[in-house]
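Good morning, and thank you for joining.

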Amino acid sequence: KREFYKEIKANQKSNLQQKIELCEKAEALKDSTDWKKTTDELVNLQKQWKEVGQVSRKQMEPLWKRFREACNYFFNAKAEHFSSIDGEQEANLKLKLELVERAKNFEKSDDNSDNLNRLMEIQKEWQSIGHVPISKKDEVQKAFREAIDTQFKLLKLEASERELTNYKSKIESWNN
């Protein structure tokens with residue numbers, strides 16, 4: 001009977017050391033911002049945790065709490081990071097939709113060069129806005145392209161005149 005309990009204690013001691021090492025590895029990873037790689041590593045550590053045998057009851061709860069806190073810290077930071085990106089993309093979507101409306105409701109003046117420059121400014125503004133949610137990307141891009149193309153057609157510029165104005169605009173942007 002003594003041999004049996006001695007063997008159990010030896011296994012628990014070995015398991016304790018393995019679980020402490022897993023805790024240390026998880027704690028070392030918790031501040032990482034390499035979301036994909038670290039997620040994979042932490043999931044792997046969680047699998048290893050389950051494979052390691054039991055430890056004494058006295059040590060089980062504090063060790064589990066330590067390991068879980070390290071994992072939760074990382075996953076909470078990851079969730080917060082991606083929710084802020086989602087919010088930023090929604091704000092960008094709103095800005096781009098406003099530009100679509102501006103392009104649709106563009107009021108032209110008598111000066112075609114001024115009209116072209118104003119349309120090109122709208123395009124530059126479009127390009128300066130960041131990413132939108134991927135599910136809306138094609139839809140909003142198409143709406144903008146149609147609105148801009150419609151306005152260019154309404155200007156009825158000759159192709160050579162449009163190219164000359166585009167060229168002048170590029171030179172001006174290089175000088176600025």
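I begin with helix α3 and helix α4 (residues 112-128), whose axes lie 10 Å apart at an angle of about 170°. Axes here are lines fitted to C-alpha atoms over the stretch in contact, with angles from 0 to 180 degrees between N-to-C directions. Helices are DSSP runs of H or I, at least four residues, numbered from the N terminus. The two are therefore roughly antiparallel, a term for angles over 145 degrees, while under 35 counts as roughly parallel.

This is a predicted model, in which local features need pLDDT of at least 70, side-chain atom pairs count only at pLDDT 80 or more, and totals for chains, interfaces and linings use all residues. Residues are numbered from 1 along each chain as its sequence is written, and side-chain values use heavy atoms, leaving out hydrogens and water.

From α3, K96, L99, V100 and R102 meet I122, E125 and W126 of α4; contact means heavy atoms within 4.5 Å.

Next, α3 (residues 57-104) and helix α5 (residues 134-155) have axes that come within 8 Å and cross at roughly 20°. These helices are therefore roughly parallel to each other. Among the residues making this contact are L93 and L97 of α3 and F144 and Q151 of α5.

Is Q151 buried or exposed? Q151 is buried, at 7% relative accessible area, where buried means under 20% and exposed over 50% (1.4 Å probe, protein chains only). Q151 also has a side-chain polar atom 3.4 Å from the backbone oxygen of K104.

Conventions:
Angles under 35 degrees count as roughly parallel, over 145 as roughly antiparallel, 65 to 115 as roughly perpendicular and the rest as oblique. A polar contact is a pair of N or O atoms within 3.5 Å; within protein, one must be able to donate a hydrogen and the other to accept it, and residues adjacent in sequence count only if both atoms are side-chain atoms.
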